[in-house]
Structure formats: structure tokens, C-alpha cells
Amino acid sequence: MRIELIESAALGENAYVVVPKGSDRALIVDPGIGTAEPISNFLKNEGLTAESVLLTHGHADHVWDAAAFDVPVYIPGPDMYRMDDPMAYLPGFGSFGTWVRPADLREIPNQLFHPIEGMPMLMFPAPGHTEGSAIFLTEIPAGDLLETNAALPSVRTGRGEFEVAQPLAFVGDVIFAGSVGRTDLPGGDETQMRHSLRTLANALDPATWLLPGHGPATNWQGEQSTNPYVKRAKELG
């Protein structure tokens, strides 16, 4: 598997290019503002072709360049309405130019789906940051060789082989290293966020790597032990 992190200069948003083992097709996760060109350059240089785009939620800093790749764009259903004008739901953030709505925009069809051949993903709805915020769980299969430029937990950037399957999740703005996504923006809800975090504490393997929409990667076991928002959610429910 190949995971390429491409950070947007706007708001420090993390976009990811994910390539399953043995494939020349790529999944693009959360192509934020100004990421279309570096993503396209990476695909060209590596001989890859974009197959689909996955959006973890509908905020402008995560979806802005989604139309640039002329492929199906998947988004959780509750956030579909935001794609008409994403900036309308980020008051006070200024303007990022002219919004182009993806031509082939699709609601994620099922909780278990394949945004790209060779990579099943399980969607966990996790509202709180937005109504449709979700995390997307997959794994690095046992025996697979990971190539990445991202500093993942317990693995330096570069290459690493896995003796057992390694679960990982693209978590958007649900959770960050030591924090969580804001709940004070339109569509946010602190109580829902707390419930989402408690549900994830019961559902996710503690060994799961978390690849967030901002900041460094982390792991679920560590966040349950040290993240004050997660600890409070587990206490209060």
C-alpha cells in the first residue's frame, strides 16, 4: 500500500493519496484548497490514475479541489447539502475563490463499500463536527509493504512490512492528536461529538492508526489514554 500525505497551505489540511497493493489506481481523500496540482503531479510522476475521491465531511477546506480529478466523488449523505456552497458553512473564514461542484457527486451507498478496487472501507458515522462527519476504516493487509511520506505511529516515513494486518482510519475532523474537531460551526453539536467519541471507543480496535484532517497521525489507544475530550466522552457518555 502507498499512502502519500499532501498538506494544503490553507488551514493546514491533510489530503491523502492511497494506492492499494499492486494497483496503479489511486483513491484521493479530502483534496483541500490548493492540493489539486501537487496531487496531480504525484499521480503523474508515479504512473498512477485517480479512480475516486472520498470526502470525510463537507467543509470547504476538505472538499475544495474535489472537482479537479473528473472521477466519482463520495460524501456521507447528511453533508451532501453542503456541496452546493461549502463556504456558506464556514463563517469568518474568508473566501477561497470560485467553488466548482463535482460533476459526479455521490452519497456513500453503504456502510461497507469499495471507493476503489482492492480497498474495502467501513464507514462509521461520527456526527458532531458536522452532521455527516464520519471515519473510514480499512487496513494494511498482513505481509503488505507500506510506502509513505507520513509519520505514522511506530513507523517512520519510508517503507515497512507488516506481519499482521494493521487497521487504520481516515478520520477527517472527528479527532486529532490530543483534540477533536470544532463543534461551534454550523451543523456542529458538542453532545453528538461526545456520543460519537464514546461509540468509537467501544467499536474501534485500540491498535487503529488515525489519519486526521489536520495535524499528525496518532493511534486510538493513545488517544483514549491521553486525549481529554475522549476521556470525558467515555466518562459522561
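Guide: A salt bridge here is a side-chain nitrogen of Lys or Arg within 4 Å of a carboxyl oxygen of Asp or Glu. By this rule the count comes to 9 salt bridges. The model is a predicted one, in which local features need pLDDT of at least 70 and side-chain atom pairs count only at pLDDT 80 or more, while totals for chains, interfaces and linings use all residues. Residues are numbered from 1 along each chain as its sequence is written, and side-chain values use heavy atoms, with hydrogens and water left out.

Helices (H or I, at least four residues) and strands (E, at least two) are DSSP runs, numbered from the N terminus. A residue is buried when its relative accessible area is under 20%, exposed when it is over 50%, and partly exposed in between, using a 1.4 Å probe and protein chains only.

One of the salt bridges joins the side chains of Glu51 and Arg25, at 3.3 Å from N to O. Because Glu51 lies in strand 4 (residues 49–54) and Arg25 in strand 3 (residues 25–29), this pair ties together parts that are 26 residues apart in sequence. Glu51 is partly exposed at 23% relative accessibility, and Arg25 is also partly exposed, at 32%.

Asp79 and Arg82 form another salt bridge, with their closest N and O atoms 3.4 Å apart; both Asp79 and Arg82 are buried. In the pair of Arg101 and Asp84, the closest N and O atoms are 3.1 Å apart. Arg101 is partly exposed, with a relative accessible area of 39%, whereas Asp84 is exposed, at 54%. Salt bridges that share partners also join Arg2, Glu4 and Glu46 into one network.

The cores come next. A nonpolar core is a set of buried Ala, Val, Leu, Ile, Met, Phe, Trp, Tyr and Cys residues joined through side-chain atoms within 4.5 Å. The largest one has 31 residues, and those with the most contacts inside it are Val17, Ile39, Leu43, Val53, Leu55 and Phe69. If contact is taken as heavy atoms within 4.5 Å, Phe69 touches Ile28, Pro31, Ala36, Ile39, Ser40, Ala50 and Val53, leaving aside residues up to four places away in sequence. Apart from this core lies another, of 25 residues, among them Tyr16, Tyr74, Phe162 and Leu168.

Two strands count as a pair if DSSP finds at least two bridges between them. Strand 8 (residues 119–125) runs antiparallel to strand 9 and is joined to it by 4 bridges, with Phe124 standing opposite Ile135. Strand 9 also pairs with strand 12 (residues 166–172) in the antiparallel sense, over 5 bridges, and there the bridge partner of Ile140 is Gln166.
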